[in-house]
Amino acid sequence: RLQEKVKEGNLDPREQLVALEAQRKDYPNGIPQCGTDALRFALCSHKIQGEDISLSLSQVLGCRHFCNKMWQTLRFTLGVLNDNTTPVRTLEETTPLNSMERWICSRLYSTIVQCEQAFEAYELHIVTSALYSFWVHNLCDVYM
């Protein structure tokens, strides 16, 4: 379909051949599906200083892997919780039971503060970085 899009366009026939060859070289198996969540996360992770974004496919694929990691973490957690139907309490009502729980709550609180400040300043790249760092390095690598 990528090749068809180039052929349907209004490129000069010589430019069309160059574009088709570049597509074959850059995407021999086509562009892998990444999903809208991965694309949105990748777009938000850019520090926008001008009008253009240099978005790479490898970055979107990395965001797809991150979205998959979030999904797998939640599936694992729901499996561990099983049929536990204890209602979720508010953050103020939650009391960490041990040092590890206190630690992860402190990391979560720090991430929330960082995200709130970045949202207020419209710096979405800081929000995505903080969320990624918390999820991967604190929640999954240490706490889980």
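Reader: Hi! Is Phe66 buried or exposed, and what is its relative accessible area?

Author: Phe66 is buried, at a relative accessible area of 3%. Here buried means under 20% relative accessible area, exposed means over 50% and partly exposed is in between, with a 1.4 Å probe and protein chains only. This is a predicted model, so local features need pLDDT of at least 70 and side-chain atom pairs count only at pLDDT 80 or more, while totals for chains, interfaces and linings use all residues. Residues are numbered from 1 along each chain as its sequence is written, and side-chain values use heavy atoms, leaving out hydrogens and water.

Reader: Thanks! How many aromatic pairs does the structure hold?

Author: There are 2 aromatic pairs (ring centres of Phe, Tyr or Trp, the latter by its six-membered ring, within 6.5 Å; planes under 30 degrees apart are stacked, over 60 edge-to-face, the rest tilted). Phe41 and Phe66 make a tilted one, with 5.1 Å centre to centre and 40° between the planes.

Reader: And which helices do Phe41 and Phe66 lie in?

Author: Phe41 is in helix H3 (residues 36-44) and Phe66 in helix H4, so their pair ties together parts 25 residues apart in sequence. Helices are DSSP runs of H or I, at least four residues, numbered from the N terminus.

Reader: What about Phe66 and Tyr132, what are the distance and angle there?

Author: That pair is tilted too, 4.9 Å centre to centre with 50° between the planes. Tyr132 sits in helix H6 (residues 124-143) and Phe66 in H4, so this pair links parts 66 residues apart in sequence. Tyr132 counts as partly exposed, at 35% relative accessibility. Phe41, Phe66 and Tyr132 together form one aromatic cluster.

Reader: New topic: where is Thr73?

Author: Thr73 is in helix H4, which spans residues 57-81. With 8% relative accessibility, Thr73 counts as buried.

Reader: Last one: where does Tyr143 lie?

Author: Tyr143 lies in helix H6. Tyr143 is partly exposed, with a relative accessible area of 31%.

Conventions
Helix = DSSP H or I, 4+ residues; strand = E, 2+ residues; numbered from the N terminus.
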